[in-house]
Amino acid sequence: MRRFTIPLLLGVVLLATLALVACGPKQAVKLTVWMNGADSLIGPTEQQKPQEQWYISQAFKRFEKANPGVTIELVVQADQNAAHTNFKTAGLAGNAPDVANLWTGQPIFGMKEVILPLDKLVPADDLKKIVGWESVRDGFKPDGTILGYPAAQNQICFMMYNKAIVKKAGMDWEANPPKTIQEFDEALGKIKAIGVTPILVDEAAQSVCWWLAWVADYWWTQQTTNEGILAETYGEKKFADDKGFLAVLNHYRSLYTKGYFRKDMATSNDSFTQFLNGKGAIWPSVTSFLADAEKALGPDLGVLMPPSWDPSLTLQNSTIGGPGQSFVVAKNTKYPQLAVKLISFLNSRAEVLEAEKINRWPVVRTDITPADMGWAADSNIAKIQKYSTIYNYWVDNLLTPDVANVFYIQAVLVATGKMTPQAFVAEMDKNAGRK
Amino acid sequence: MAADSIAGRRSRIKRREILLSLLPIAVILLVFRVYPIALALGRSFTNWDGLFRHDWVGIANYVNFVKSGQFWTVLRNTLILLINVPLQVFIGIVVALLLYEKVAGWRIYRAVVYTPQIISAVIIGFLFKIFFGYEGPFNAVLKAVGLGSMAIEWFGNNFTALGVIVFSIVWFSIGWQAIVILGGLSAIPPSVFEAAIIDGARYWQRAFLIVIPMLVRVIEFAVIASGVWTLTQLFPFLFAMTKGGPGYETSTLDYMIYLKSFGIGFSSDYGTASAIAVMLLVLVLALTVIEMRLANRADDWG
């Protein structure tokens, strides 16, 4: 009997210890989240306020309250471009943040070695009620691996315009906006005739050709389609054979030669300020700038969607946009389920409605209407929201990195006449083919 | 025999002391210089993307970069920007001579001339960007004095943009050059100048026939240091002023290393970036050797 006593006692002690550990306070869990400082869940003007007043800080507090023992560390990434390299480097070293806010499309496809596939973790309800999943599926394929969540807000491209200037030029774009490229060019001519710069844009200040990326890409994809552009960037077809793209580039050049763009667009960096000060008629924009522009221009601010390149083409009444931002989970995270729970929480109906109290963006959920948001039917944001389910996904995010480099950096040379459209597309072809 | 043994032992101890004394710097050089250079050289033959892709590609990175349109543009820009070296050395010598001669107010001039050196290069870059902006103060002055036709987009084309960058670098570097040359001047015995004055040598004769020949080694150092600096340290100026653009119109070899590694478009082509770094190293070494040989010849003439 004695020979069983000691093992029995040891067993009891072991079980009691395990029971105490199990019943004791839960171990604290900390999730680190990288968030872009603009164009994401942090609005352009939010950073002027104390951090605890930001929407995202308040959302994290709500999540922490609903999940005792969980704390979230917010790390703001001021440089969105650098955030991708930083994430990649951190992922390689095994210390990437649990959740990172990166751009959708090729930027995340290019680093899937350090991103956790989410196919088995995303709730079915999210797949059903959130739009834009194609932007985070590897290769944009309907069955591609899910590399992240579309961020909870939608960026839609459009043109902001100054109603007073347009009226002075004898037009009313609210009642009769230009519907074709010919009407658009004609309208720009009328604006120039009254001595105002028709389009203000900084086409190289941030090494990105905004006019092409936000407006003219729509005309490109109208003619070539996103699938066609993907085939070109993968080297299966030639950019040089893309007559639609060449026509768009020639139009881009013609806008410069006719004096419709500001003359120093290749070096300027104050177009938005100039636009807010009434120095130009149009500024190409995305939704995150809308609130600031409305504050500055009040009822004079109008919203113009890109006219059609050719009404006979299949794609009509759309624009460039979609969830340009995503949330990804690092492969090295210790808490994959919790990380997905947090992202799902940020995308939930309740949180999207909360976010809209601070920032105004079209939303990516199908179960929220403009009326839910309290937007007037004729408001600028309501007009943009109409496009939140019929957008055409970002063309520049389709381009593979080396092609995107050429596109972003050298396109402005085409406008200013330092490079021919043919030389430009040849350079893109030279860099195509690497996935 | 015993004496030989003691001498041999002392010699061994001496050798060991020398080796031990050299060890710290040798380790530092190996870890912080030789290893990174060797690593960059090795990676320049791969398609390393910063993650897991690092296949051997031979000299493809070098060939592809040289074949690309960018190579000749950035090489041309890099060489054009070297124009700042003779300019800053020449102006530095003139300023140093004026300070050495203790012209009226020389103490104030010395402080003023050196001031740009204590301002961040990024701030200088932004100041010049604003100053030479299309609607900036410089063009405003040109328009005000009736030279509106000369008010151009200074950063809009390669020639004028590089000109402004050279101007900013020279303005930034004059103080450093003047201090270096002034240090060299201080080492020349005053009796040499006194004798020259007694012999009737004029100011410019003293400057060109006495000072410059006696400063050859100092000028050599100034030229090599500022040449290497121009080839490798211009990043903050370019980033703040032009971001290497429009296109690649103001990009240099060292700026391309950044663009290929961390630039827009998420390409992270570290293999090509390493190849450009190796090319830049070869260029720096070649120019340094040429410059040293010229300086040796000048010293012989002196």
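Thr104(A) lies in the loop that runs between β3 (99-103) and α4 (106-109) of chain A. The model is a predicted one, and in it Thr104(A) is buried, because its relative accessible area is 0%, where buried means under 20%. Leaving aside residues up to four places away in sequence, Thr104(A) touches Ser135(A) and Val136(A), the run of Pro323(A), Gly324(A), Gln325(A) and Ser326(A), and also Tyr393(A) and Asn397(A). With Tyr393(A), one of these residues, the side chain of Thr104(A) also makes a polar contact of 2.6 Å.

From this site the view moves to the interface of chain A and chain B. The size of an interface is often given as the accessible area lost when the parts come together. Between chain A and chain B the buried area is about 2900 Å², and carbon and sulfur atoms give 57% of that area. On the side of chain A that touches chain B, the elements giving two or more residues are α3 (80-93), α16 (401-415) and α17 (421-431) of chain A. Of the elements on this side, α16(A) gives the most, with nine residues. By class, the side of chain A that touches chain B holds 16 nonpolar, eleven polar and ten charged residues.

The contact draws 37 residues from chain A and 31 residues from chain B. As for specific pairs, four residue pairs are in polar contact between chain A and chain B, counting those with both residues at pLDDT 80 or more. Salt bridges across the interface of chain A and chain B number zero by the rule used.

Conventions: Residues numbered from 1 in each chain as written. Chains lettered and ligands numbered in written order. Predicted model: local features only at pLDDT ≥ 70, side-chain atom pairs only at ≥ 80, totals over all residues. Heavy atoms only, no water. Helix = DSSP H or I, 4+ residues; strand = E, 2+ residues; numbered from the N terminus. Buried < 20%, exposed > 50% of the residue type's maximum accessible area, 1.4 Å probe, protein only. Polar contact = N/O pair within 3.5 Å; in protein donor to acceptor, adjacent residues only side chain to side chain. Contact = heavy atoms within 4.5 Å. Buried area = accessible area lost by both parts, 1.4 Å probe. Salt bridge = Lys/Arg side-chain N within 4 Å of Asp/Glu carboxyl O. Nonpolar A, V, L, I, M, F, W, Y, C, P; charged D, E, K, R; others polar.
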